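Here are my notes on the model, point by point. Please read them beside the structure.

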Amino acid sequence: MRFLIISHALHKTVNQQVYSYAPYVREMNVWLKHVDNVTVIAPKVENNINAIEIPYKHQNIQLQSIPSIQFTSVNHILLALLNLPVIFFRIFIACKQADHIHLRCPGNIGLLGCIAQVFFPKKIKTAKYAGNWAPKAKQPLSYRFQKWLLSNTILTKNIQVLVYGNWKNQTKNIKSFFTATYSQSEIEKAPNREYNTELKFIFVGSLVTGKRPLLAIQIIENLKRKGYNVSLDLFGDGVLKAELFQYISENRIESIINIHGNKTKDIVKEALKIAHFSILPSKSEGWPKAIAEAMFFGCIPVVTKISCVPFMLDYGKRGVLIESELEDATQTIINVVADKERLSLMSELALKWSQHYTLDLFESEIVKLLKQ
């Protein structure tokens with residue numbers, strides 16, 4: 001099988017290996033176990049490999065690099081318009097040569113892939129929509145267009161669209177799906193956590209506006225001011241890193257807030273085992289892997305009410321659902337931590353739920369998709 005991946009993720013090549021963002025590559029490596037030849041169409045950069053990038057595992061893989069496109073400024077828009085015909089032509093030719101077309105959405109490159117696949121109604125296709133599929137979610141026009149086109153069974157044929165969450169009134173090609181990080185062999189009992197001592201919070205994610213790391217810091221700072229023994233460790237990097245360091249310094253909260261930057265999967269895994277809560281007050285999510293990973297080890301999630309997160313947390317039974325307003329979020333957490341028995345039950349329920357979604361189950365579902 002000639003398998004084509006169309007992705008907006010930035011890629012790098014080192015020693016004839018193709019690297020990209022680790023969570024995405026780990027997922028794709030499961031798919032690639034069951035295909036013969038792989039072509040990846042994606043933007044390529046020449047930077048050094050960092051701690052959260054890993055290589056694809058396949059003997060016959062080819063990266064066809066295309067320019068990255070953005071629409072964030074006048075110059076970016078003009079450059080994108082110049083590059084669009086070339087990018088679309090390359091995607092079209094690659095689709096023509098492939099046996100199975102796999103789209104990674106939402107994104108600007110995924111958008112072009114969505115349009116190109118319309119011209120190949122007989123080819124087998126899958127699309128992974130990693131964003132928020134909620135029908136009423138406020139999203140950019142390009143995201144809404146991708147959702148509309150992928151759902152349109154007249155224009156988009158022979159495809160299964162993998163989305164997070166169960167939503168009403170969907171077309172027959174929309175398939176509720178999940179993602180996974182840990183295997184069946186990595187399942188272990190949750191450590192005995194005491195909720196009467198210091199409460200350790202962890203934030204795992206990019207330090208960008210959409211993830212709201214500053215709000216996470218302010219919630220912990222607010223809890224401390226109200227007399228709670230708390231701390232927060234942040235794992236991730238991004239454009240807000242310097243701003244966050246400045247905020248921590250100016251407010252003299254270095255003793256309770258630590259920014260560790262990007263770390264390997266194993267380091268984050270060990271941190272999750274000792275943390276009490278994983279906090280992620282995002283503006284938007286699909287299936288937040290950082291939260292599912294935390295739950296795998298009984299670390300209680302504290303997340304905003306977005307996308308399929310309420311479903312993941314069983315509407316508050318296996319995690320804490322918060323609003324994005326500081327005082328409201330703080331008070332919700334205070335109400336929950338007052339009940340130690342409830343916290344223990346939340347941890348147990350979170351662990352049992354997440355440990356169902358292993359890489360083993362994920363792979364068995366992927367095999368079904370590839371054999372369609």
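1. Helices α3 and α4 are roughly parallel to each other, because angles under 35 degrees count as roughly parallel, over 145 as roughly antiparallel, 65 to 115 as roughly perpendicular and the rest as oblique. Helix α3 covers residues 108-117 and α4 residues 141-151; they pack at an angle of about 30°, with their axes 10 Å apart. Axes here are lines fitted to C-alpha atoms, for helices over the stretch in contact, and angles run from 0 to 180 degrees between N-to-C directions. Helices (H or I, at least four residues) and strands (E, at least two) are DSSP runs, numbered from the N terminus.

2. The model is predicted: local features need pLDDT of at least 70, side-chain atom pairs count only at pLDDT 80 or more, and totals for chains, interfaces and linings use all residues. Residues are numbered from 1 along each chain as its sequence is written, and side-chain values use heavy atoms, with hydrogens and water left out.

3. On the α3 side the contact (heavy atoms within 4.5 Å) is made by G110, L111, C114, I115 and Q117, and on the α4 side by S142, F145, Q146, L149 and L150. Six of these contact residues are nonpolar, four are polar and none is charged. In this scheme Ala, Val, Leu, Ile, Met, Phe, Trp, Tyr, Cys and Pro count as nonpolar, Asp, Glu, Lys and Arg as charged, and the others, Gly among them, as polar.

4. The axes of α8 and α11 come within 7 Å and cross at roughly 110°. That angle makes α8 roughly perpendicular to α11. This crossing, too, is left-handed. From α8, A292, M295 and F296 meet A350, L351, W353 and S354 of α11. The contact of α8 with α11 has six nonpolar residues, one polar and no charged.

5. How many cavities of 30 Å³ or more does a search of the whole structure find? The search finds one. On a 1 Å grid over the protein atoms alone, a cavity is a set of points where a 1.4 Å probe fits but cannot get out, and a pocket is an open set with protein on both sides within 12 Å along at least five of seven lines; lining residues have an atom within 4 Å of a point. The largest cavity has a volume of about 80 Å³, a volume being the space filled by probe spheres set on the points, with grid points joined across faces, edges and corners.

6. Helix α8 (289-296) and helix α11 (340-354) each supply at least two residues of the lining of the largest cavity, and α8 gives the most, with four. Among the lining residues are A292, F296, W353 and S354. The lining divides into seven nonpolar, three polar and two charged residues.

7. The second largest pocket has a volume of about 280 Å³. Its lining takes at least two residues from each of α1 (22-32), β5 (53-55) and α12 (359-370). Residues lining this pocket include R26, K33, K57, D360 and E363. By class, the lining has four nonpolar, three polar and five charged residues.

8. The peptide bond from C105 to P106 is cis, with omega near -5°, and P106 is found in the loop between β7 (100-105) and α3. Q16, not a glycine, has a positive phi of about 65°; Q16 lies in the loop between β2 (12-14) and β3 (17-21).

Notes
A crossing is left-handed if the near helix is turned anticlockwise from the far one by less than a right angle, and right-handed if clockwise.
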